[in-house]
Number of protein chains: 2
Amino acid sequence: MKAIVLLSGGLDSATVLAIAKAADYAVYALSFNYGQRHQIELDAAAKLAAASGVVEHLITDIDLRRFGGSALTAELSVPKDRPLASLTSAIPITYVPARNTVFLSLALAWAEVLEINDIFIGVNAIDYSGYPDCRPEYIAAFERLAHLATAAGVSGGQRLKIHAPLMTLNKAEIIQRGIELGVDYGLTHSCYDPDPAGRPCRCCDACQLRAQGFVQAGLIDPLFAHE
Amino acid sequence: MKAIVLLSGGLDSATVLAIAKAADYAVYALSFNYGQRHQIELDAAAKLAAASGVVEHLITDIDLRRFGGSALTAELSVPKDRPLASLTSAIPITYVPARNTVFLSLALAWAEVLEINDIFIGVNAIDYSGYPDCRPEYIAAFERLAHLATAAGVSGGQRLKIHAPLMTLNKAEIIQRGIELGVDYGLTHSCYDPDPAGRPCRCCDACQLRAQGFVQAGLIDPLFAHE
């Protein structure tokens, strides 16, 4: 049984990769070079893919940067030291327009070619509820779209399933699940604004959520285990 | 009022561009360099965009070629001299996997950045019924997905509309509509397999459909007006 796993190199997608492997899928990992301001994420994705023994790891380019509109892809500054409680109230500036729609569409294209009916994605409605495309109803709508886009027979009519196993977990639960499955979180990268050596800033939203997750899970983040 | 028009450089999208302009939209034209085997299509798109006075014409890269799976992007041969009656019976080999889903997703990303609620696409359920992602129910599903992907407020909650004005027209009707609107079909390109000088092969499916459309419309294709 084959599955595509969207692999960003972050903590969430590393956990999803481990979940897909634990379910005995032969994994085709898909990462995107979409004009991120740093390549550390993609390096992390490559390390995670190699460590978990995927069948193939494809990094594909999409030129979202030219569309503008986000601190992750445009020349805006990443917000720092925001109270975490504020993150659920509005769409964060780090939102990449239509990102999950674009990513899932490209995964769908690859799935058609490989005749794969299972796609795994690390979206999460708990710790990222500011992103509209991380909700269960969005995932269900994409499944329906995919079915209509391919129903005439490309994949034999079998319905595409989008697996979002982290949907209802908080960050601490995600980390606990990953640790059970042997994920080496020391290979992952979460920071929106690392220093030139690739070290996390520890004050952007992503760093704060990650730190809070490890604290709540009662674990030490291996990225800082040496301190 | 602003709109994004997906502009391939073909006959259909040239007509859609004219329809959007005639409806007084300020047009942002979007084309894709997705590993087509020839650049003539993109040259045609650029000429059409310039001729009709769009606000902006963005050509963005997507690396679909690495996914394989189609005669348009992989190293398969384009079928020639097939009876047109056979085209509706199966998904043609020239199908690009998930193409309209990928294209509409990227249009959605740009629409969010530009705060645009109208996207025009030249899909057609009559002459291309072998493509699953050219059906009305597919377009409706994409609108629903787009609404869910952005409903939390990015574009003020206004519902995105996908305009597919060619949906129920046959090729002859499309050409007649375009001629009424002043489209110069001499700028368009349809052939899947042009010669090195860019001249149409006149026997692939796209050439045959185009020729049949002009015959049925009682018009001479300006690409061959000199003959």
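In chain B, helix 1 and helix 5 pass each other in a left-handed crossing (the near helix is turned anticlockwise from the far one by less than a right angle; clockwise would be right-handed). This is a predicted model, where local features need pLDDT of at least 70, side-chain atom pairs count only at pLDDT 80 or more, and totals for chains, interfaces and linings use all residues. Residues are numbered from 1 along each chain as its sequence is written, with chains lettered from A and ligands numbered from 1 in the order in which they are written.

Go ahead and select residues 11-22 and 171-180 of chain B: the two axes are 9 Å apart, at an angle of about 40°. That makes helix 1 of chain B oblique to helix 5 of chain B (under 35 degrees is roughly parallel, over 145 roughly antiparallel, 65 to 115 roughly perpendicular, the rest oblique). Now show Leu11(B), Asp12(B), Ala14(B), Thr15(B) and Ala18(B) on helix 1 of chain B, plus Ile174(B), Arg177(B) and Gly178(B) on helix 5 of chain B, which make the contact (C-beta atoms, placed from the backbone, within 7 Å).

Next, hop to chain A and pick residues 171-180 (helix 5) and 205-217 (helix 6), whose axes come within 7 Å and cross at roughly 65°. So helix 5 of chain A is roughly perpendicular to helix 6 of chain A. This crossing of helix 5 and helix 6 of chain A is right-handed. Residues making the contact include Ile174(A) and Ile175(A) from helix 5 of chain A, and Leu209(A) and Phe214(A) from helix 6 of chain A.

Last stop: the predictor gives the complex an ipTM of 0.86 and a pTM of 0.88.

Notes: Axes fitted to C-alpha atoms, helices over the stretch in contact; angles between N-to-C directions. Helix = DSSP H or I, 4+ residues; strand = E, 2+ residues; numbered from the N terminus. Contact = placed C-beta atoms within 7 Å.
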